[in-house]
Amino acid sequence: MELLRLAEKVGIHDKKVFDLQLVLARSFAFRAHASWLILSQTGSSSPELDTDIHNKEKKAEMFKTLIEYLRDMIYHPKRYKPTALKLVFKPKAVKTDNKPLGISTIRDRALQSLVNLVLYPLVELTSDPNNYGFRVHRDCKLAIGAVKSNLRSINFKKARNSINLRYSNYKGGQFNQVNYSLNKWILDADIIGFYDNIYHEWLCNNLFLHPTLIAMVKQWIKAGILDAGIYSDPINGTPQGGIISPTLRNFTLNGIEERVLKSIYPINNGYSRKQIKVTSLIEGHITAQPMPLKLGVSIVRYVDDFVVIAKSKNILNKYVTPAISDFLKERGLCFSSHKTKTFSLAHKNTQLDFLGYTFKFSNKRSSNKTSKRTMV
């Protein structure tokens, strides 16, 4: 895509990138695609939300109307004013955890879709490598796989036995002279009211969008809310159910992975200079070689749900957690003191619940094939 190539060449905040964003948003191709994305959704034909568009003739007419409407709004943004959001509660298995969706009109959704076509590729370009939420070709199961991979440790005892059997003539026994730590610590993070507390000011000041498009985003996040006939204006946050909301939320937390890695740089750099002797197998001979000692810290995120995995509790408490707290504070967010916890799966009766899956420490292979159960 031309926009991405230009952003990579001159920088994502360059004026040329902003000007091209507006050109693309005004183009017929983008307006037509944004309109098609909205009308092709199942909810677009809900009579309680918008005009009845059940048959093909009415959808074709609405398609033309939306294309012209988008052209008018993009060329004359001062005429635009979003309709108040209608709160709809989506039923869930746990009734106490129900969250309202802010439903807007088809015209508002089409305009959000148009701006999102421009914003999403840029957010994707700057996204964290281990963020798996609302991204193309990424999903919940990949996030679960990443957590499992980071929690898994090598069974050095089995490795020793395998090599000893293969090279039975070796009697040195250096493997027994090395101690390996298989213990890993987890920061299971929870953010208080992530959807409702993102600073509007921070969001609008940091979005890499043309000023005309930022003005529209500002109107969407500040749009009034109609709940059972009662009107209110939001102070912070992004509405659930908005077309552009997932992109804005990913944008808000993008960079947290880099912040985590920077937080441990002082100690990680020191450890990388130290060396330990590790026995290894080279060309059929077991030898002791000096190797750099590094601290492994990884973060896996699905939008606002994330875990940090490290080799030490001290690293998480002293370096990682404060760095993340500062990162969240800049955006109007903070940890939940009741739900955020640091622990190790090696401890008795501990488990990690992440995205509907449960991780437990096990020395044996589990035969449980339930999709909502993962053993580590």
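Me: What should I know about the model before we start?
Reply: The model is predicted, so local features need pLDDT of at least 70 and side-chain atom pairs count only at pLDDT 80 or more, while totals for chains, interfaces and linings use all residues. Residues are numbered from 1 along each chain as its sequence is written, and side-chain values use heavy atoms, with hydrogens and water left out.

Me: How many salt bridges are there in the whole structure?
Reply: Seven, where a salt bridge is a side-chain nitrogen of Lys or Arg within 4 Å of a carboxyl oxygen of Asp or Glu.

Me: Where do K15 and D19 lie?
Reply: Both are in helix 2 (residues 15-26), four residues apart, about one turn of the helix. Helices here are DSSP runs of H or I with at least four residues, strands are runs of E with at least two, and both are numbered from the N terminus.

Me: K15, buried or exposed?
Reply: K15 is exposed, with a relative accessible area of 57%, and D19 is partly exposed at 33%. The cut-offs are under 20% for buried and over 50% for exposed, with partly exposed in between (1.4 Å probe, protein chains only).

Me: What does R301 pair with?
Reply: D128, in a salt bridge of 3.1 Å, N to O. R301 is in strand 8 (residues 298-302) and D128 in the loop between helix 5 (106-125) and helix 6 (140-151), so the pair ties together parts that are 173 residues apart in sequence. Both R301 and D128 are buried.

Me: Which residues are linked to R331 in a network of salt bridges?
Reply: R259 and E330. The R331 to E330 bridge is 3.1 Å, N to O. R331 is buried at 7% relative accessibility, whereas E330 is partly exposed at 39%.

Me: Switching to rings. How many aromatic pairs?
Reply: Five. Rings of Phe, Tyr and Trp (its six-membered ring) pair if their centres lie within 6.5 Å; planes under 30 degrees apart are stacked, over 60 edge-to-face, and the rest tilted. One of the pairs is F134 with Y302, tilted, at 6.5 Å centre to centre and 40° between the planes. F134 is in the loop between helix 5 and helix 6 and Y302 in strand 8, 168 residues apart.

Me: And how is W202 placed against F251?
Reply: Their ring centres are 5.7 Å apart and the planes are at 40°, so this pair is tilted. W202 belongs to helix 9 (residues 200-206) and F251 to helix 11 (residues 245-253), 49 residues apart.

Me: What sits over the ring of Y75?
Reply: The charged end of R26, 4.5 Å from the ring centre. The charged end of R71 also sits over that ring, at 4.9 Å. The test is NZ of Lys or CZ of Arg within 6 Å of the ring centre and within 35 degrees of the ring normal.

Me: Last topic. Which residues have the most contacts inside the largest nonpolar core?
Reply: L111 and L209, in a core of 46 residues. A nonpolar core is a set of buried Ala, Val, Leu, Ile, Met, Phe, Trp, Tyr and Cys residues joined through side-chain atoms within 4.5 Å. Helix 5 gives the largest share of this core, ten residues.
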